[in-house]
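The entries follow in the order in which I looked things up.

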Amino acid sequence: MQRYAPLAVAALLALVPFLGLSSYLMHIFILVIMWAIIGMAWNLLGGFTGLVSFGHAAFFGLGAYCAAIVYHHFAWSGWWGLPLSVVVVALFSLVMGFVVLRLRGPYFNLSTLAIGEVLRVTAQNLDKLTQGDLGILLSQRTWTEKQNYYWVVLLLALGTYYAVKALVGSRRGYYFVAIREDQDAAESLGINTTLNKTISLTVSGVLTGIAGAFYFNYMGYIDPKVVFDLPGISILAIMIVMVGGAATLTGPLVGSVIMVLLAEWVRSIPKLGAAHMSVFGVLLILMIIFLPNGLVGDFGKIRKLFRRKEAA
Amino acid sequence: MSALLEVRGVSRFFGGLAALSDVSFSLEQGEILGLIGPNGAGKTTMFNCVNGFYPPSRGEVFFKGERISGLKPYQICQRGMARTFQVVRPLQRMSTLDNVVASAFLRAKSRHAAVEKAEEILKFTNLWEVRDMLSKGLPLGLRKRLEIARALATEPELLLLDEACAGLNPSELDESIAIIRRIKERGITIMIIEHHMKVIMSISDRIVVLNYGQKLAEGTPEQISRNPQVIEAYLGEGE
């Protein structure tokens, strides 16, 4: 039963376009699912392997620019960006890992932050390749209706879910968690920590890059400030996992529903809307104090709280 | 017959401090070697040099005839050497069973085989009852034993035990000694650091004494307990 639950949920979700929802609501659905992919990818590295990245925008932006550049320079379909981003982001992750995986703790965190920012500045200045701050516009999107994009992103999310699940349930999953809990102990138990950290980083990066390539095809426009954004991409990915529950399979899914809806809602509030990042900041602090394992991770704690209220 | 482990003239410097200077000794297959010495004598540093956490500044370490100094800890572990830590380092947010499974994967081909191996080890080390507990919730005595279980799951030929008995109460102590003896019966060679004299004297076949990073003495427990230099190092000079 449990094994087929994700498939059943995906099948139900696949029917959503037949509900005749407004274009705006379909847009929200697509965003939620895209962010679920990024959340699951971040969670593999940050939640399971304990390598908290502040720079996932690097992978997202790189994936998005793969799609944009094949379209802009070679006049190919932007969808070629998806397979291309796998190759490019994988190579990038390997090089990045060679440098940053030597660092531990806060030094690793800061280096990922720096890499995200370095890529943004690079994209802003490589005018010939990226058109800088002008951005790249897709003159004609593949579909005018939202439903096809929705099915594509849903399929990508399902693939991501099973990829993460398979990895976490295997020998690698044990190694990742062992590295998170104590890298030296893991190393002395025969685990090649450098290799396993590199695998985690690369898979996490590639999955995020695919989401980025999808983003370009869906939105039809990107510029460096959007796709390499620190608060808008890197931090939001962390928020989604922290709110949903780090190192859980379903946490990022729950987190992305909450964060995307919350972002849309807060932005619509007059005056407060502009400060939505501040609202997120406060939320993150509250989460860390009261539900450090996220909604899914601390589900037992939440249930107990409600039970007690009912009894009283 | 060649030695299982051979330490040849190993020195290790931290800045200007010589934590180990020119220490040599060897370990024969199947024996228990005790490594003792006052605090700061370099015992744990010796373990770190042997298991690959630090490369020796000078000298070499051979394991099964192969030079292993300079290899990484995981490579040395793959060659058949496992260790425990003085300050216990369980994988905290993992159950006791998963802790052992994670290291059993080193030799196991499948998840099923790893779990089977881990279960056998947990029974062997009397941790079967607490297999589902998160390891951070275990009392110290059991965590110390989990360290041993985890190391055993990698199927070592040589086991380095760093104060595996420190801080245990008398009944836990007896249990741990019994387990160490049973490990020896399995044919696993052991090098053990221990402050508890009763333990070290009763289980060691041979003892190496370190003091200020140098080898002070080497011999059977009998010889060591009568060695005047060792007594002086431990109790201070007589008036």
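Entry 1, terms and confidence. By helix I mean a DSSP run of H or I of at least four residues, and helices are numbered from the N terminus. The model is predicted. I noted ipTM 0.88 and pTM 0.91 for it. For chain B I read a mean pLDDT of 91, with 98% of its residues at 70 or more.

I looked up Glu147(B) and found it in helix H5 of chain B, residues 140–152. Is Glu147(B) buried or exposed? I counted 27 C-beta neighbours inside 10 Å, and the cut-off for buried is 20 or more, so Glu147(B) counts as buried. I then listed its contacts, leaving aside neighbours within four places in sequence: they are Thr84(B), Phe85(B), Val88(B) and Ala164(B). I also checked Glu147(B) against Ala82(B): the two are 65 residues apart in sequence, and their C-alpha atoms are 10 Å apart in space. Ala82(B) comes up again below, as the bridge partner of Leu159(B) in S7(B).

I traced an open sheet of six strands in chain B and wrote down the order S6-S7-S8-S3-S9-S10, with mixed pairing. Its edges are strand S6 (81–83) and strand S10 (214–219) of chain B, each of which pairs on one side only. On average, neighbouring strands of this sheet are turned by 15 degrees against each other, direction ignored.

Strand S7 (residues 158–162) of chain B pairs with S8(B) in the parallel sense over five bridges. Within that pairing Leu160(B) is bridged to Met191(B). Asp162(B) stands opposite Ile193(B) of S8(B).

Continuing along the order, I found S3(B) and S8(B) parallel, with four bridges between them. Gly34(B) is bridged to Ile192(B) in S8(B). On to S9(B): strand S3 (residues 32–36) and strand S9 (residues 206–211) of chain B pair in the parallel sense over four bridges. One residue I looked up in that pairing was Leu35(B), whose bridge partner in S9(B) is Val208(B). Helix H9 (residues 228–235) of chain B packs on the sheet and touches S9 and S10 of chain B; I noted about 130 degrees between its direction and that of S10(B).

How many residues of S8(B) are buried? Five of the five residues of strand S8 (residues 189–193) of chain B are, so this strand is largely enclosed by the rest of the structure. In a regular strand, side chains alternate between the two faces of the sheet. I checked which way they point here: Thr189(B), Met191(B) and Ile193(B) go one way from S8(B), Ile190(B) and Ile192(B) the other, and all are buried.

I repeated this for S7(B), which is mostly covered, with five of its five residues buried. Leu158(B), Leu160(B) and Asp162(B) point one way from S7(B), and Leu159(B) and Leu161(B) the other way. The charged residue in that list, Asp162(B), is buried along with the leucines.

I found two bridges between strand S4 (residues 58–63) of chain B and S5(B), in the antiparallel sense; Phe63(B) is bridged to Glu66(B).

I counted 15 residues of chain A in contact with 22 residues of chain B. On the chain A side, helix H8 (171–181) and helix H9 (183–188) of chain A are the elements that give two or more residues. H8(A) supplies the largest share, six residues. By class, I sorted this side of chain A into seven nonpolar, four polar and four charged residues.

Technical notes. Residues numbered from 1 in each chain as written. Chains lettered and ligands numbered in written order. Predicted model: local features only at pLDDT ≥ 70, side-chain atom pairs only at ≥ 80, totals over all residues. Contact = placed C-beta atoms within 7 Å. Pairing = 2+ DSSP bridges. Axes fitted to C-alpha atoms, helices over the stretch in contact; angles between N-to-C directions. pLDDT = per-residue confidence, 0-100. Buried ≥ 20, exposed ≤ 12 C-beta atoms within 10 Å, placed from the backbone.
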